[in-house]
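Opened a new model today and made some notes as I went. Here is the entry, in the order I looked things up.

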Amino acid sequence: MTGALVLALPSKGRLKEQADAWLADCGVVVRAGGGERGYAGAIDGFDGIEIRFLSAGDIASALVAGEIHLGVTGEDLLAELGEGGAAPVLLLVALDFGRANLVVAAPRSWIDVDTMADVDDVARLWLARTGRRLRVATKYPGQTRGFFAAHGIADYRVVDSGGATEGAPAAGSAEMIVDITTTGATLAANGLKILEDGVILRSRARLAAGLSAGWDTKKLDLCRRLLGIFEARARGRDVASLVWPAGQDAVAREALAPLAGAADQERANGMLVAQGDLFAAAAALAAAGVGPVSVTHPAYVFEAVSAAGGMLARALGGGQKG
């Protein structure tokens, strides 16, 4: 590992497009070295941060192995690697993309199988009639075993799906599957249905930190600065800034006092309110005779301390040097 803070980003597919759009929206400019197909890059204005472009699976593995400091990958991949023990990975920022569910699916032709309890019954009957355990194809064996155990199901065995998991029952290599899905359309097209209580994990993309990556004070400070930008942009999307005449400040604040959390967002003759409270705040001010009131939407709302950065510092404890 170099002396830089290493941030890994998805190198291909829909997740790359979504991660690129998120960073651009935050004003973070990533430049790939050696053109768009380069496997390394940098962030404008952030000396000391090295970008690596990897597959989502490789990012998850690298975080667990301590080969990178930060990475954007799927929560499902991190959960699978951490199954059976606490992985040295800290989930820092939940991102509003990469959403998918890890689910248990059975053939639609199994008309009496709708729940995990039904699967338990079928598994026992299958073993009694065939002498073989029910086969469940998946690329997520750890989470599959944990979920089936939580439902008290033992008469089954996990098989590696190898290729397209949803095709395993039709190909005769498994009776059921556990797979990741966004809409369920591909499962339905392959004659499968999601069990009513068969959602193992509701996953999304995450910015995560590898706790064993070799942190020091400089890297932690860089990380806090970057996290502060992400947090400020997220706040900016969710609030509106109200400004009223200075001479009406006392009346305006009294009118807005009932709004939950409003007192924490005070400004000189103005206030930040949650976007969802904007019209209620405007009505309260109008009822109090306050006006004119202007409304703007800030691009960023920076706080003095990064909440995610503080969480990372606490998780690292005395692990960072320098």
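This is a predicted model: local features need pLDDT of at least 70, side-chain atom pairs count only at pLDDT 80 or more; totals for chains, interfaces and linings use all residues.

How many bridges join strand E5 to strand E12, and do the two run parallel or antiparallel? I counted through residues 70-74 of E5 and 205-210 of E12: five bridges, and the strands run antiparallel. I looked up one partner by name, and Gly-74 is bridged to Ala-205 in E12.

Next I wanted the whole strand order. The sheet is open, has seven strands and reads E2-E3-E4-E1-E5-E12-E6, with mixed pairing. At the edges sit strand E2 (30-32) and strand E6 (89-94), each pairing on one side only. Ignoring direction, neighbouring strands in this sheet are turned against each other by 30 degrees on average.

**Helices on the sheet.** I then checked what lies across those strands. Helix H2 (residues 56-65) lies across strand E1 (5-10), strand E4 (49-54), E5, E6 and E12. I get an angle of about 130 degrees between H2 and E5. Helix H8 (residues 217-238) lies across E1, strand E3 (40-43), E4, E5, E6 and E12. For H8 against E1, the angle is about 40 degrees.

**H1 against H8.** How far apart are the axes of H1 and H8, and at what angle do these helices pack? The axes are 10 Å apart and the angle is about 80 degrees. An angle from 65 to 115 degrees counts as roughly perpendicular, so H1 is roughly perpendicular to H8. On the H1 side I find Trp-22, Leu-23 and Asp-25, and they meet Phe-230, Arg-233 and Arg-237 of H8. By class, that contact has three nonpolar and three charged residues, with no polar ones.

**The largest pocket.** The largest pocket holds about 540 Å³. Its lining has 21 residues, and Arg-14, Leu-15, Gln-18, Ala-56 and Gly-98 lie nearest the centre. Which element gives the largest share of that lining? It is H1, with four residues. I also noted that helix H1 (13-25), helix H3 (75-82) and strand E10 (176-181) each supply at least two lining residues. Sorted by class, the lining of this pocket comes to nine polar, seven nonpolar and five charged residues.

Key:
Residues are numbered from 1 along each chain as its sequence is written. Side-chain values use heavy atoms; hydrogens and water are left out. Two strands pair if DSSP finds at least two bridges between them. Axes are lines fitted to C-alpha atoms, for helices over the stretch in contact, and angles run from 0 to 180 degrees between N-to-C directions. Contact means heavy atoms within 4.5 Å. On a 1 Å grid over the protein atoms alone, a cavity is a set of points where a 1.4 Å probe fits but cannot get out, and a pocket is an open set with protein on both sides within 12 Å along at least five of seven lines; lining residues have an atom within 4 Å of a point. Grid points are joined across faces, edges and corners, and a volume is the space filled by probe spheres set on the points. Ala, Val, Leu, Ile, Met, Phe, Trp, Tyr, Cys and Pro count as nonpolar, Asp, Glu, Lys and Arg as charged, and the others, Gly among them, as polar. Angles under 35 degrees count as roughly parallel, over 145 as roughly antiparallel, 65 to 115 as roughly perpendicular and the rest as oblique.
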